[in-house]
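This briefing describes the architecture of a predicted model. The points below are grouped by topic and are intended to be read beside the structure.

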Amino acid sequence: MKKYTYTDKKDTRSGFGAGLLEVGRKNENVVALCADLIGSLKMNDFIKEFPERFFQVGIAEANMMGIAAGLTIGGKIPYTGTFANFSTGRVYDQIRQSIAYSDKNVKICASHAGLTLGEDGATHQILEDIGLMKMLPGMTVINPCDYNQTKAATIAIAEHHGPVYLRFGRPVVPIFTDSDQKFEIGKAWMVNEGKDVSIFATGHLVWEAIQAGEQLAELGIDAEIINIHTIKPLDEEAVLKSVAKTGCVVTAEEHNRLGGLGDSIAQVLAKNNPTPQEYVAVNDSFGESGTPAQLMEKYGLNAANIVAAVQRVIKRK
Amino acid sequence: MSEDITKLENVASQVRRDIVRMVHACQSGHPGGSLGCTEFFVALYFSAMERKAGFDMDGIGEDIFFLSNGHISPVFYSTLARAGYFDVSELATFRKINSRLQGHPTTHEGLPGIRIASGSLGQGPSVAIGAARAKKLNNDDHLVYVLMGDGEQQEGQIWEAAMYAPANKIDNLIATIDYNGQQIDGSTEQVLSLGNLGAKWEAFGWDVMEMNGNIMSDVLAGLAEAKSRTGKGKPVMILMKTEMGNGVDFMMGSHKWHGVAPNDEQLAAALAQLEETLGDY
């Protein structure tokens, strides 16, 4: 097992804030909008440097999505910022008609995704957003794993013409990817090569998968760990290549097991190479209040759950 | 001026013929609101708007228009074709398989003149605000127009946009409401009363004016007045009184022709009232 260490921990939303500032400096067409959550989205630095390119929309997310769509007409590249729940479920029809169907170059940037939003509870913990967004034709769906990857993704999506859903989170988590990485949309990242099982993980679950990989190594199981930061378009080639070697799969995500990364992988495998698969995901339920760690444990999303899933799936080979 | 008005009225007569022929040919679509807004569309595209030759999505250096109540696509398509965005023969494909003229307007098929999909109601004003913002960022002093229905005022997003635009001094925007008092299930009064619509928009901070939408000279004067009110710190709202089905006597003033196509006899009766001025497609 390749050794991953970290010297610093930060929230992925801060990676978004840093990336937004940098991409704002690189590209004068980048503009940003927020629905009364500037601090939560870490947009302050961008606003300070580019006040004329920032639009405070107030608590009116539907209007924000429409304004963003309109801003593209005139060549702007709008980044919208609010919580994942209010970035997707609340405004699904606005995204569907004014952005996705109209092929508008809007970057929907969504913080506080999943259970790790924590104490606010299930009203705010959306676990269905990946599914909602990936079902929209033409939508790119990205869920980076740490501060550096989120920053790199925030910068990279400006170069991609078309709607993007960029999902990140609230809690402080280890930084274990390179600060100078080049983020390639749709290209999976090989975290660790192995031969016994393929673990496909996204977002906060990538670090958990690395912890699981170390525990599995002690049990004599050589796990291949792949970071699927782009859920759509999915790197099918990387998935099939890995599975051809390992013959079994665990998927890990901070999302409902219905409609998320696991289902995207299962669809590729069902068509090309039917393979035993176990899901580490929320089991079709809402979340609740608690600390992020408590919630990840209670809903079965931590390293121990990945280890158990690997042990189950290997028996099914 | 009167010669100009005659010319525009001739275009309007042809657009009305196009509308009833289009919905008859596919036996679906929305003739009522389309007929009621004919003078508005013709005045906008043939007189009021500053337009560049050809079409590009960004619309920099020209006035641009968004249709929020996308179901009145027949009048939009006919006007665009008659204004030269695409060949009038394409009107024959309206609502048919493999057409660029979808039931509701879309950008997806690349039809020149369309900048946003609409049909699911309430979204146009927000998009128009964004486009007006972009014009200001680009130092483009042209205007953004948006048309909504009156039934559409029942959508919540309308009022998010209503609050935003004055607060942010979006004064390069002229919005219009097709105030015909009708929606699918009956009159707006019966379905969900709009109350004092003008007072509501005024209270939100818009510069509100009224206009008769079915008299060409009134529409031209109204649009000129609206333009003169731009650039003064407030978005402009035109309450445009129209009659659903205007121009075809048996379709006028009733919600019954909101989304119903005429049969062969009704088509003949309608066309008998509308002079063919520019040649049918």
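The crossing of helices H10(A) and H11(A) in this predicted model is right-handed. The two helices pack at an angle of about 65 degrees, and their axes lie 10 Å apart.

**Contact between H10(A) and H11(A)**

- On the H10(A) side, the contact is made by Glu236(A), Val239(A), Leu240(A) and Val243(A).
- H11(A) contributes Ile265(A), Val268(A), Leu269(A) and Asn272(A) to this contact.
- Sorted by class, the residues of the contact of H10(A) with H11(A) are six nonpolar, one polar and one charged.

- Helix H10 of chain A spans residues 236-246, and its buried residues are Val239(A), Ser242(A), Val243(A) and Thr246(A).
- Glu237(A) and Ala244(A) are exposed residues on the face of H10(A) that is turned away from its buried side.
- The packing partners of the buried residues of H10(A) are strand S10 (197-201), strand S11 (223-227), strand S13 (249-256) and helix H11 (261-272) of chain A.

**Seven-stranded sheet of chain A**

- Chain A contains an open sheet of seven strands with mixed pairing, in the order S3-S2-S4-S5-S7-S6-S12.
- Strand S3 (54-56) and strand S12 (230-232) of chain A each have a single partner strand and stand at the edges, so one side of each is left without a neighbour in the sheet.
- On average, neighbouring strands of this sheet are turned by 20 degrees against each other, direction ignored.
- Strand S2 of chain A, residues 30-34, pairs with S3(A) in the parallel sense over three bridges.
- Phe55(A) in S3(A) is the bridge partner of Leu33(A).
- Helix H4 of chain A (residues 61-72) lies across S2, S3 and strand S4 (77-83) of chain A, and runs at about 165 degrees to S4(A).

**Five-stranded sheet of chain B**

- In chain B, five strands form an open sheet with parallel pairing, in the order S1-S2-S3-S7-S6.
- Its edge strands are strand S1 (64-67) and strand S6 (207-212) of chain B, each of which pairs on one side only.
- Neighbouring strands of this sheet are turned against each other by 20 degrees on average, direction ignored.
- Six bridges join S6(B) in the parallel sense to strand S7 of chain B, residues 236-241.
- Met209(B) has Ile238(B) in S7(B) as its bridge partner.
- Helix H5 of chain B (residues 124-137) packs on the sheet, where it touches S1, strand S2 (144-149) and strand S3 (173-179) of chain B; the direction of H5(B) makes about 175 degrees with that of S2(B).
- Helix H9 of chain B (residues 216-228) also packs on the sheet, touching S3, S6 and S7 of chain B, and the direction of H9(B) makes about 170 degrees with that of S6(B).

**Contact between the chains**

- The contact between the two chains involves 27 residues of chain B and 23 residues of chain A.
- H5 and helix H6 (156-167) of chain B each supply at least two residues of the side of chain B that touches chain A.
- H5(B) provides the largest share of that side, 10 residues.
- The residues of the side of chain B that touches chain A comprise 12 nonpolar, 10 polar and five charged.

Notes. Residues numbered from 1 in each chain as written. Chains lettered and ligands numbered in written order. Predicted model: local features only at pLDDT ≥ 70, side-chain atom pairs only at ≥ 80, totals over all residues. Pairing = 2+ DSSP bridges. Helix = DSSP H or I, 4+ residues; strand = E, 2+ residues; numbered from the N terminus. Axes fitted to C-alpha atoms, helices over the stretch in contact; angles between N-to-C directions. Contact = placed C-beta atoms within 7 Å. Buried ≥ 20, exposed ≤ 12 C-beta atoms within 10 Å, placed from the backbone. Left-handed = near helix turned anticlockwise from the far one by under 90°. Nonpolar A, V, L, I, M, F, W, Y, C, P; charged D, E, K, R; others polar.
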